[in-house]
Each structure stands twice: as C-alpha cells, then as structure tokens.
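Please keep the sequence and the structure in view while reading.

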There are 4 protein chains.
Amino acid sequence: MSPKVGMEPIRRKQVIEAAKACMLSKGFDHFSIKDVAEKAQLSTGVIYHYFKNKQDLYVHVLKDSFGETELMVREAVTKENSYRDKFSAYLEVVAAVPEDNPDFYIILLNYLAQSPYNDDVKQIISKFLINLQGFIEDILQHGVNEGRLTPLEQKTISQMITSQAMGLAFQGMLLPQEERSSVLKDEFIRIFKQYVD
Amino acid sequence: MSPKVGMEPIRRKQVIEAAKACMLSKGFDHFSIKDVAEKAQLSTGVIYHYFKNKQDLYVHVLKDSFGETELMVREAVTKENSYRDKFSAYLEVVAAVPEDNPDFYIILLNYLAQSPYNDDVKQIISKFLINLQGFIEDILQHGVNEGRLTPLEQKTISQMITSQAMGLAFQGMLLPQEERSSVLKDEFIRIFKQYVD
Amino acid sequence: MSPKVGMEPIRRKQVIEAAKACMLSKGFDHFSIKDVAEKAQLSTGVIYHYFKNKQDLYVHVLKDSFGETELMVREAVTKENSYRDKFSAYLEVVAAVPEDNPDFYIILLNYLAQSPYNDDVKQIISKFLINLQGFIEDILQHGVNEGRLTPLEQKTISQMITSQAMGLAFQGMLLPQEERSSVLKDEFIRIFKQYVD
Amino acid sequence: MSPKVGMEPIRRKQVIEAAKACMLSKGFDHFSIKDVAEKAQLSTGVIYHYFKNKQDLYVHVLKDSFGETELMVREAVTKENSYRDKFSAYLEVVAAVPEDNPDFYIILLNYLAQSPYNDDVKQIISKFLINLQGFIEDILQHGVNEGRLTPLEQKTISQMITSQAMGLAFQGMLLPQEERSSVLKDEFIRIFKQYVD
DNA sequence: CATGAATGAGATTTCATTCAT
DNA sequence: CATGAATGAAATCTCATTCAT
C-alpha cells in the first residue's frame with residue numbers, strides 16, 4: 001500500500017468504526033488497541049499516529065456516535081413544519097432509536113458509567129443531552145410565547161422526555177419485551193403528547 | 001495477625017463494602033483487588049479466601065446494593081395501608097433514592113453497562129427490576145380486579161415508572177440541577193399518580 | 001472428633017494416601033496442600049503437624065509407594081524355592097506391575113523427573129532400584145558361585161532387566177497397546193530367561 | 001531497544017533455547033517465564049509476543065528437542081546401505097544419545113511425566129516414539145518380506161529396543177556407572193543384534 | 001506514513017506456611 | 001491435637017505506548 005496524503009479523515013473514521021465494533025463486541029473496557037488495529041486491518045502504530053492515546057480514541061468514538069444520533073433527530077424535526085408535528089416527530093424518532101440503532105444506547109450507557117470519573121466524557125454527554133433537550137425547548141418555545149407554558153414547564157418537559165427515553169432504552173436491554181416494546185413506545189408518546197394538547 | 005473462627009460473614013461484608021467504595025471512587029473495572037485489600041486493611045490473599053474471584057466479588061457487591069434498596073422500597077410500601085397510599089409511598093421512595101442513596105445509581109449504572117457482556121449481572125439486574133415492578137403491579141392489582149385497569153396497562157405502568165426513575169437518576173448525574181431535581185421529582189410523581197385517579 | 005493419642009501412624013497414612021491420590025489426579029506439581037487436606041478430610045493445619053513441609057510429604061509418598069512395590073516383589077520371590085523359579089517369579093512380578101498397579105509407574109516417572117534437582121529423591125529412587133536389582137543378583141549369585149556367570153554379567157543382567165521393565169512401562173503409558181502389552185511382556189520374560197538357561 | 005522486522009524465527013529459537021536451559025537447570029515446572037526472559041535477555045512481554053502462553057512454549061521446546069534427536073538418528077541410518085548396517089547404526093546411535101546429548105533424556109523424562117495430564121504432550125511424544133520405531137520397522141521390513149520375521153515380531157522388536165534404550169538412559173541418570181555404562185550399552189546392542197542374525 | 005517488535009508496569013490469582021484460638 | 005483464617009511472595013499474562021526501521 002503506497003502511503004498517501006489526505007488519508008487523515010479516512011483513517012480516523014476507519015479506526016473509530018473499528019473501535020466502536022470492538023467496544024460493542026468485547027465490552028467497553030475489554031478491548032485492546034491491538035484488537036482495534038486488527039479489526040481495522042492496520043498496525044497498532046498507526047492508531048497512535050491519528051489519536052493521541054486510547055483515551056483520545058474513546059472520546060472520538062463518543063463524539064462520532066452522538067453526532068450520528070443528533071443528526072437523525074435534527075433531520076426528523078426540521079422536516080416537519082407545524083410545532084405539533086415537530087413535537088410528534090421528535091417523540092417518534094427518539095422512541096425509535098433503540099430499534100433503529102440499538103448500539104447507540106449500549107455506547108451511551110458505557111460512557112455514562114464512566115462520566116463520574118472522567119470530566120471530558122461528562123461534558124460531552126451533558127452537551128449532547130442539552131442539545132437534545134434544546135430541540136424540544138425550541139419546539140415548546142411557541143407555547144411559552146403564547147403563555148400556555150411556563151419556562152419551568154418547558155425545561156421540565158424536555159428533561160422528562162429524554163430521561164424517560166433513556167430509561168426505557170436501558171430497561172429494554174435487560175427485559176426481553178418483543179411486543180411490549182411497542183406498547184411502551186406508544187405509551188411514551190401518549191404521555192408526552194399530552195403536554196402540547 | 002489474629003485468625004479466628006467464624007470470620008466469614010464479617011470478612012465478606014468488610015470486603016464487599018471496601019469493593020463498593022473502590023468502585024465508587026475509581027469506577028467499575030478501574031479498581032484492583034489490591035485496592036480493595038488496602039481499603040479493607042486486609043491482604044489480597046484473604047479476599048480469595050472468601051470470594052472465588054473478582055467476578056464473584058462483583059456479583060456480591062451488586063446483590064448487596066440491590067438488597068439494601070429493595071428493602072427500603074419494601075418497607076416504605078408495606079408501612080401504608082390503602083392502595084392509593086402504597087402507590088404514593090412507592091413513587092416517593094423511588095424518587096428519593098438518588099438523594100437518599102446517591103451511590104446506588106452509580107453502582108447500578110456501572111453494572112448495567114456490563115450487562116450486555118455478563119449474563120450473571122444481567123440476570124441479577126433483571127430480577128431486581130422485575131421485583132421492583134412487582135411492587136407496583138401488586139398495588140395496581142386492585143384496579144385490575146375492579147376492572148379499572150387492564151393487565152397490560154398494569155404492566156406498562158410499572159415499567160414506565162421504573163424506567164423514568166432510572167432515566168431521571170442517570171440524567172441527574174450529568175446535569176447539575178439543584179432546585180430542578182425537586183421539580184422533576186414532583187413532575188414524576190404527578191405524571192404517574194394520574195394512573196390511580 | 002475427640003483428639004486421641006496414637007493417631008500418628010493413622011494420620012500419616014491418611015495424608016500420604018490423599019497426597020498420592022491428588023498427585024495422580026492433578027499431576028505431580030499441580031496439587032496444593034489444601035487439595036490434600038480436602039481429600040483426606042482434614043484441615044491444612046494438621047498436615048503440617050505430621051509432615052515438616054510439602055517436600056517432606058513428597059518424600060514420604062515416594063517411600064510409601066516404593067515400600068509397597070518392593071514388598072510385592074519380595075513376596076513373589078521368596079515364595080519360590082529353586083533359583084530358576086525365583087528368577088521366573090521375579091520376571092513375572094516385575095512385568096505385571098504396570099497392570100497390577102498402574103499408578104506406581106506414574107509416581108515413579110514423576111519422581112524420576114525430579115531426581116536431577118532433588119538429591120533426597122535421587123537417593124531414594126537409587127536405593128529402590130538397587131534393592132530391586134539386589135533380588136536378581138542374589139538369585140544369580142548361584143550361577144556366579146558355580147562359575148557359569150561372571151560378577152560383571154550378574155550386575156549387567158540385573159540392570160538390563162530393571163531398565164527394560166521401566167522402559168516398557170513408560171512406553172505403555174503413551175502407546176495404547178491392549179493385546180500388544182502381553183506380547184511385549186512375554187518377550188521381556190523370554191529375553192531375560194535366556195540368561196539362566 | 002532495537003525493534004526490527006522479521007525477528008520472529010530468531011526470537012522464537014532464542015526463547016526456546018532459553019526455556020530449554022531453564023528447564024534443565026531448574027526442572028520442568030520449576031522455572032518461570034521471568035527466568036526464561038532473563039536467560040534470553042529479553043523482557044517477559046516479548047515471550048508472549050511469540051508464544052501464546054507457557055504451555056505453548058513447552059510444546060515448542062519439546063518439538064525442538066525431538067526434531068534434533070530424530071534428525072541425528074535419521075542421518076545415522078540413511079548413511080548406511082545394508083539392512084544389517086542400518087540396524088547396527090540405529091542401535092549405536094540410539095545407545096549413544098545419553099552420552100552425546102545427555103540433556104535429551106532429561107527433557108524427555110520431564111515431558112513424559114506430564115503426559116498423563118497433557119494430551120498435547122502425550123501426542124507429541126507418542127508420535128516421536130512411533131517415528132523412532134518406524135526406522136527399525138523399515139529396516140526389519142526386509143526380514144518380513146523374506147519370511148524370516150513376522151509383522152508381530154517386527155513391531156515387538158522395535159518397541160523392545162526403544163523401551164530398553166529409554167529405560168537404560170533413565171537408569172543411567174540415577175546410578176553412577178562410568179565404566180558400567182559402556183558394558184550396558186554393549187549388552188544392549190548385543191541383545192538386539194540377535195534379532196537380525 | 002506505516003509497521004510491528006519491544007518494554008515493563010500492573011493485574012489477577014495461587015499457595016506454602018504460620019499461628020491464634 | 002485440630003482448625004482454618006491470614007499472609008504475602010511469586011507466577012502468569014495483558015496491554016498501552018514507544019520507536020527503530
């Protein structure tokens with residue numbers, strides 16, 4: 001393979017994807033850089049060319065995962081026009097993540113568990129959550145402007161939604177639910193739709 | 001220095017507490033048996049006298065944590081007489097765990113993250129969650145008997161409650177909320193109380 | 001169990017048998033004192049009451065094994081009257097050890113392997129071999145006295161016999177032979193019987 | 001200090017030789033990987049770069065030892081032309097191993113002792129013995145073809161030879177024999193030469 | 001840019017031995 | 001006599017990271 005210039009973004013993505021795969025298959029803390037290198041069909045050395053160290057790689061895996069999910073949500077919401085539809089779309093897309101991208105919550109869970117011991121990780125997840133809640137707050141801003149909602153309620157609703165979604169996803173990893181999961185998803189949507197009616 | 005007979009229960013508890021402390025201060029998988037031994041002021045060898053291996057210790061830390069929390073919930077619920085009061089008590093005590101025993105959710109979070117890779121852990125957490133949901137299902141059984149609730153709703157409610165509680169607790173670790181946490185707690189109780197009215 | 005006096009020989013034998021069993025089931029160097037204690041249904045502590053240390057126990061297991069085998073040979077030989085019959089009986093009994101007491105050669109083999117690094121063991125095995133060869137030398141002494149055999153031949157024969165027996169036994173552990181083993185046994189007896197004819 | 005590419009065969013041989021030396025000086029199972037690393041002037045880590053684990057290293061030491069000895073025998077035999085000379089050469093070279101390569105039988109003895117507990121080792125030694133017996137069987141095939149020998153005798157002779165050689169070698173480790181060893185060697189050759197006369 | 005050999009600290013686990021009771 | 005709790009050294013093995021090529 002001839003060395004090429006401009007490989008940086010390609011290699012970085014290649015390594016991040018391999019790391020993500022290793023993390024999912026072996027467990028968050030149970031894969032080695034050698035595992036990643038093998039998965040990515042690269043040498044161990046090259047990983048250290050593109051990432052400062054393992055911690056740095058961890059951070060980039062997290063950013064990558066969050067980026068994808070945030071994009072999904074953003075697209076679903078901006079596609080709609082009315083506030084009511086935006087709100088519904090948000091609930092739908094958030095409730096669908098565990099099915100559409102089951103790995104996402106495994107990744108999130110693992111990083112969440114690290115967050116008390118790692119401030120970088122904590123900041124990144126917090127920012128992600130805040131962004132996610134920002135979508136609903138924007139949607140609900142309408143109601144606030146019209147006086148139907150207080151700013152406190154606006155914030156509370158957005159936080160109740162994300163935490164319920166997170167909780168359901170984590171619970172779903174443990175309890176085999178099959179048909180139940182759609183019941184729960186519907187109930188999730190039903191509960192929070194009340195707020196815009 | 002002073003070997004005695006019948007040390008087993010004392011030492012086991014001592015080691016479990018030390019392990020829990022290490023886990024909380026360093027994070028799951030980031031503490032060593034040596035750390036636990038030092039914390040417990042014992043030699044490393046003695047840990048293996050009472051626990052088969054590190055995995056076995058992990059499992060007992062988890063069981064110990066769950067035992068305490070389950071007991072708290074059970075006591076709160078059985079203290080009340082009417083179904084309505086039992087339900088309220090349940091919501092109150094569950095919502096209070098993050099304040100009353102903040103370590104509990106850190107422990108839970110860490111083990112939850114391991115659950116996809118460790119079936120023992122998965123089983124224990126699942127059982128804990130099911131037990132916890134069992135409390136509400138028992139309370140709601142009244143409503144089912146009277147025809148006010150379907151069994152499906154009974155199950156759905158119990159699962160919505162535990163997942164929302166879990167989600168709020170995890171979110172609370174990230175976002176500094178102070179006064180917000182009580183708002184969220186109240187909203188949590190308000191939402192789910194609807195079901196018994 | 002009430003402590004008794006005069007337990008020494010009983011306990012020692014009990015421990016030696018347990019150690020032998022552990023050695024055979026787990027491998028020479030792969031059993032612990034705890035294993036022996038469990039097998040003997042005793043505490044680890046008592047073993048150190050009756051044996052100085054593990055090495056001492058090893059030595060006594062060896063002596064015990066050799067004692068049994070030497071006794072078997074002695075009995076077989078002394079039972080016979082004529083030199084010719086004694087010689088035959090010796091060959092028969094020596095050739096029969098792998099069948100009659102298959103453990104013996106596993107024990108011998110393991111100690112033999114230790115002998116270059118442990119002078120005690122080396123002395124004990126050497127003495128055993130010399131004793132065993134002594135039987136034939138005694139039998140052949142008759143031939144020497146009558147001038148049919150030189151003392152050199154007498155010694156050579158005895159050594160050829162023990163080494164051939166040992167070699168066949170070890171080989172028999174590796175190569176599954178079934179019917180072959182009796183052919184080899186017969187050939188072994190045939191070859192060495194030549195010497196007294 | 002100086003990582004290079006293509007070190008694999010060099011390092012493997014280096015580690016195998018160091019392990020062999022450690023085994024000979026300390027005894028099978030009584031040397032540590034650290035001992036090997038020090039002997040080879042390498043870090044412990046590098047041993048695990050080239051060998052999966054200690055067991056894997058054991059196996060390669062054995063294969064290496066057997067390879068050398070088998071080569072010696074093969075060369076001695078193929079050098080001769082007549083079957084009678086080949087047979088003599090075989091007996092001579094086999095009888096000479098304890099003098100020419102005294103380490104060989106110490107290695108063999110140690111592994112032999114492990115064979116009841118380790119199937120890999122058992123297979124390797126068995127194969128070696130069978131190969132060694134194959135040489136004589138090939139030589140004696142001539143006699144079988146001419147009807148002077150039955151296939152049963154052919155196999156029996158080859159097994160008697162290898163077992164006697166093995167037995168003499170092991171006995172020679174214990175009993176200091178000096179001049180005796182040549183007497184025994186001559187007798188060994190004499191006994192088995194009978195078969196081709 | 002890329003390789004993979006090398007390091008060495010550190011983790012888990014075992015176990016002979018001691019000794020208070 | 002007997003117990004089994006306790007010690008702590010030592011063994012195996014892993015792995016992030018570096019660096020000569």
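A polar contact is a pair of N or O atoms within 3.5 Å; within protein, one atom must be able to donate a hydrogen and the other to accept it, and residues adjacent in sequence count only if both atoms are side-chain atoms. By this rule, 24 residue pairs are in polar contact across the interface of chain D and chain C, both residues of a pair being at pLDDT 80 or more. The model is predicted: local features need pLDDT of at least 70, side-chain atom pairs count only at pLDDT 80 or more, and totals for chains, interfaces and linings use all residues. Residues are numbered from 1 along each chain as its sequence is written, chains are lettered from A and ligands numbered from 1 in the order in which they are written, and side-chain values use heavy atoms, with hydrogens and water left out.

Contact means heavy atoms within 4.5 Å, and the contact here takes 50 residues from chain D and 49 residues from chain C. Buried area is the accessible area (1.4 Å probe) that two parts lose on being put together, summed over both. Between chain D and chain C it is about 4,000 Å², and carbon and sulfur atoms give 63% of it. On the side of chain D, the residues that lose the most area to chain C are D:Tyr117, D:Met160 and D:Leu174, together 18% of what that side buries.

Helices (H or I, at least four residues) and strands (E, at least two) are DSSP runs, numbered from the N terminus. In chain D, the helices α1 (8–26), α6 (102–114), α7 (119–145), α8 (151–174) and α9 (179–193) each supply at least two residues of the side that touches chain C. Of that side, α8(D) gives the most, with 15 residues. For a sorting by class, Ala, Val, Leu, Ile, Met, Phe, Trp, Tyr, Cys and Pro count as nonpolar, Asp, Glu, Lys and Arg as charged, and the others, Gly among them, as polar. The side of chain D that touches chain C then has 26 nonpolar, 17 polar and 7 charged residues.

Chain A and chain B also meet. Their contact takes 49 residues from chain A and 50 residues from chain B, and they bury about 4,000 Å² between them, with 63% of it on carbon and sulfur atoms. In chain A, A:Tyr117, A:Met160 and A:Leu174 lose the most area to chain B, together 17% of what that side buries. Between chain A and chain B, 23 residue pairs are in polar contact, both residues at pLDDT 80 or more. The largest share of the side of chain A that touches chain B comes from α8(A), with 15 residues. By contrast, no contact joins chain B and chain C, whose closest C-alpha atoms lie 12 Å apart. Nor does any contact join chain A and chain C, where the closest C-alpha atoms lie 30 Å apart.

The interior comes next. Buried means under 20% relative accessible area, exposed over 50%, and partly exposed in between (1.4 Å probe, protein chains only). A nonpolar core is a set of buried Ala, Val, Leu, Ile, Met, Phe, Trp, Tyr and Cys residues joined through side-chain atoms within 4.5 Å. The largest such core has 146 residues, of which C:Tyr90, C:Phe170, C:Phe188, D:Tyr90, D:Phe170 and D:Phe188 touch the most other members. A second, separate core of 145 residues includes A:Ile125, A:Leu140, A:Ile189 and B:Val121. In chain D, α6(D) is mostly covered, with 11 of its 13 residues buried; among them are D:Phe104, D:Tyr105 and D:Leu112.

Charged pairs complete the picture. Side chains of opposite charge can pair when their charged atoms come close. A salt bridge is a side-chain nitrogen of Lys or Arg within 4 Å of a carboxyl oxygen of Asp or Glu. The structure holds 46 salt bridges over all chains, yet 0 of them lie between chain D and chain C and 0 across the interface of chain A and chain B. One salt bridge joins the side chains of C:Lys20 and C:Asp64 (2.8 Å, N to O). C:Lys20 lies in helix α1 and C:Asp64 in helix α4 of chain C, 44 residues apart, and both residues are buried. Another joins C:Glu137 and C:Lys155 (3.4 Å, N to O). C:Glu137 lies in helix α7 and C:Lys155 in helix α8 of chain C, so the pair ties together parts that are 18 residues apart in sequence. C:Glu137 counts as buried because its relative accessibility is 18%, whereas C:Lys155, at 31%, counts as partly exposed.
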